[in-house]
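I opened my notebook to record, step by step, what I looked up here. I wanted each entry to hold one topic only.

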Amino acid sequence: AEFKPPNFKVDLSLNKKFITPNQEIEANLQSNYLFGAPVEGGKAKYYVTRSKENFIPQGWDKFSFGREWFWPEESPEVDSYVQEGSQLLDTEGKNKQTIKVADDLPFAMKYQVDAAVSDVSNLSVSNSQNFTALPSDRLIGLENEFVADAGKPFSVNVIVTDPEGKAIAGEKIKLQLQQMDH
């Protein structure tokens, strides 16, 4: 079989960078031939997967965010499959897909949206975009030494931010010190 390079492109965009549980995000697809005409009636296939992400808002690299599970605890397992589907492109080579984030996120997750478009000659081109799903729109960050000496003061810096890294004032925080015996 002879290799035939695709003669069209696929542009995929998402309407949000961050999302919280029970919200939806919209994936917008536009496919055009390289000479300008839309890929009218092309077939679009969407695949959405997710994986755990250690999310840190911009500017807060010294802080750790989100719950941590220490032995003997184990972090919850979350299925990586989210959804898939097929749709036809309209006369302008466009299509939209709505993705809903589950309401039970135990930690931040990176969602990957893959879209593959096939034209009438059965050539296929794909594109991918990512967004981050967070358990809340308020993120609590801690900065401290991991190990403390018994009987000595132990300092902890605490910050509450939004997903973009902007500090939020006036939030009440409850800190709990945990002890691990080895």
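This is a predicted model: local features need pLDDT of at least 70, side-chain atom pairs count only at pLDDT 80 or more; totals for chains, interfaces and linings use all residues.

I looked up the strand order and found an open sheet of three strands, E5-E10-E11, in which the pairing is antiparallel. Strand E5 (64-65) and strand E11 (157-161) are at the edges, and since each has a single partner strand, one side of each is left without a neighbour in the sheet. I then followed E5 to strand E10 (residues 139-143), to which E5 is joined by two bridges, and I noted that Phe65 stands opposite Gly141 in E10. As a reminder to myself, strands of a sheet pair through backbone hydrogen bonds, and this can be parallel or antiparallel.

**Entry on the surface.** Next I searched for nonpolar side chains on the surface, and I found a patch formed by Ile140, Phe154, Val156, Val158, Ile173, Leu175 and Leu177, which together have about 580 Å² of accessible area. I picked out Val158, which is found in strand E11, and its relative accessible area of 33% makes Val158 partly exposed.

**Entry on Asn95.** Is Asn95 buried or exposed? Asn95 lies in strand E7 (residues 94-100), and with 10% relative accessibility Asn95 counts as buried, because the cut-off for buried is under 20%. I also looked up what surrounds this residue: leaving aside neighbours within four places in sequence, Asn95 is in contact with Ala27, Asn28, Leu29, Tyr46, Gln87, Leu88 and Leu89. With Tyr46, the side chain of Asn95 makes a polar contact of 2.8 Å.

Terms used
Residues are numbered from 1 along each chain as its sequence is written. Side-chain values use heavy atoms; hydrogens and water are left out. Two strands pair if DSSP finds at least two bridges between them. Helices (H or I, at least four residues) and strands (E, at least two) are DSSP runs, numbered from the N terminus. Patches are made of residues with over 30% relative accessible area and no salt bridge: like charges are joined within 9 Å, nonpolar side chains (Val, Leu, Ile, Met, Phe, Trp, Tyr) within 5 Å. Accessible areas come from the Shrake-Rupley method with a 1.4 Å probe; for residues, only the protein chains shown count as cover. A salt bridge is a side-chain nitrogen of Lys or Arg within 4 Å of a carboxyl oxygen of Asp or Glu. Buried means under 20% relative accessible area, exposed over 50%, partly exposed in between (1.4 Å probe, protein chains only). A polar contact is a pair of N or O atoms within 3.5 Å; within protein, one must be able to donate a hydrogen and the other to accept it, and residues adjacent in sequence count only if both atoms are side-chain atoms. Contact means heavy atoms within 4.5 Å.
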